[in-house]
Amino acid sequence: MNTNTKSDIDKFWNRFLSSNPDYSTKTIPPHYFFCDNKKDADECADLVVKDIKKATATSRWWFNQHKECLPKVDDLAIVTDWIGNPKAIIETTKVEHVAFNKITAEFAEIEGEGDKSLEYWKKVHLAYYEREMESYNDEFDENMIIVCEHFRRIYSEV
């Protein structure tokens, strides 16, 4: 889906480094969008830029399925919109592993989506986790572990 070139990401990173020299020893971080559709991905990127979205919730199942490393404190990432335009740089500040059925209203609010309620969070995340597991013939379980990654936006150009 990414129609942007790697150079767009590189240029964004270099603009960040020029105004944040303390990060000059870091290598360019991974870039990605949130969610699995254009509307939500673009909305989430906008929420990060506006400093409203300060967390994300990926299933540990996803990390295992895709053989990806779990996030750690101080990780950096470039958040893009759906088509790959860089929008913000985030830095992980805290990582918690929490069962879906133990997610708190406080976390739902920090994640910043929809009306920020736990009810909204559970509804949209249940649907998302079911969609991502469906093609693997896996089924959602309320005890499934969610990797709750808290972050701070350290750069955007808006």
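**A walk through rings and charges**

What you see is a predicted model, in which local features need pLDDT of at least 70, side-chain atom pairs count only at pLDDT 80 or more, and totals for chains, interfaces and linings use all residues. Residues are numbered from 1 along each chain as its sequence is written, and side-chain values use heavy atoms, with hydrogens and water left out.

Phe100 is buried, because its relative accessible area is 2%; buried means under 20% relative accessible area, exposed over 50%, and partly exposed in between (1.4 Å probe, protein chains only). Between Phe100 and Thr80 there are 20 residues of separation in sequence and 26 Å in space, C-alpha to C-alpha. Phe100 also belongs to a cluster that ring pairs link together, with Phe107, Trp121, Tyr128, Tyr129 and Phe140 as the other members.

What makes two rings a pair? Rings of Phe, Tyr and Trp (its six-membered ring) pair if their centres lie within 6.5 Å; planes under 30 degrees apart count as stacked, over 60 as edge-to-face and the rest as tilted. By this rule the structure has 15 aromatic pairs. One of them joins Phe12 and Tyr155 edge-to-face, at 5.3 Å centre to centre with 65° between the planes. Phe12 lies in helix α1 (residues 6-19) and Tyr155 in strand β5, so this pair ties together parts that are 143 residues apart in sequence. Both Phe12 and Tyr155 are buried.

Trp61 and Tyr136 form another edge-to-face pair, with 5.3 Å centre to centre and 75° between the planes. This pair links distant parts of the chain, since Trp61 is in helix α3 (residues 60-65) and Tyr136 in the loop between α5 and β5, 75 residues apart. Are the two partners buried or exposed? Trp61 counts as buried because its relative accessibility is 13%, while Tyr136, at 36%, is partly exposed.

Now for the charges. A salt bridge is a side-chain nitrogen of Lys or Arg within 4 Å of a carboxyl oxygen of Asp or Glu, and a search of the whole structure finds 12 salt bridges. In one of these, the side chains of Arg15 and Glu157 meet at 2.5 Å, N to O. Arg15 lies in helix α1 and Glu157 in the segment after β5, so the pair ties together parts that are 142 residues apart in sequence. Arg15 is partly exposed at 38% relative accessible area, and Glu157 is partly exposed at 40%.

Asp75 forms a salt bridge with Lys72, and their closest N and O atoms are 3.2 Å apart. Asp75 is partly exposed at 24%, whereas Lys72 is exposed at 51%. Elsewhere, Lys39, Asp40 and Glu43 are linked in a network of salt bridges.

Asp74, in the loop between α3 and β3 (76-80), has a positive phi of about 80° although it is not a glycine. Lys116, in the loop between α4 and α5, likewise has a positive phi, near 70°, and is not a glycine. Asp74 is partly exposed at 46% relative accessibility, and Lys116 is partly exposed at 36%.

Note on methods:
Helices (H or I, at least four residues) and strands (E, at least two) are DSSP runs, numbered from the N terminus.
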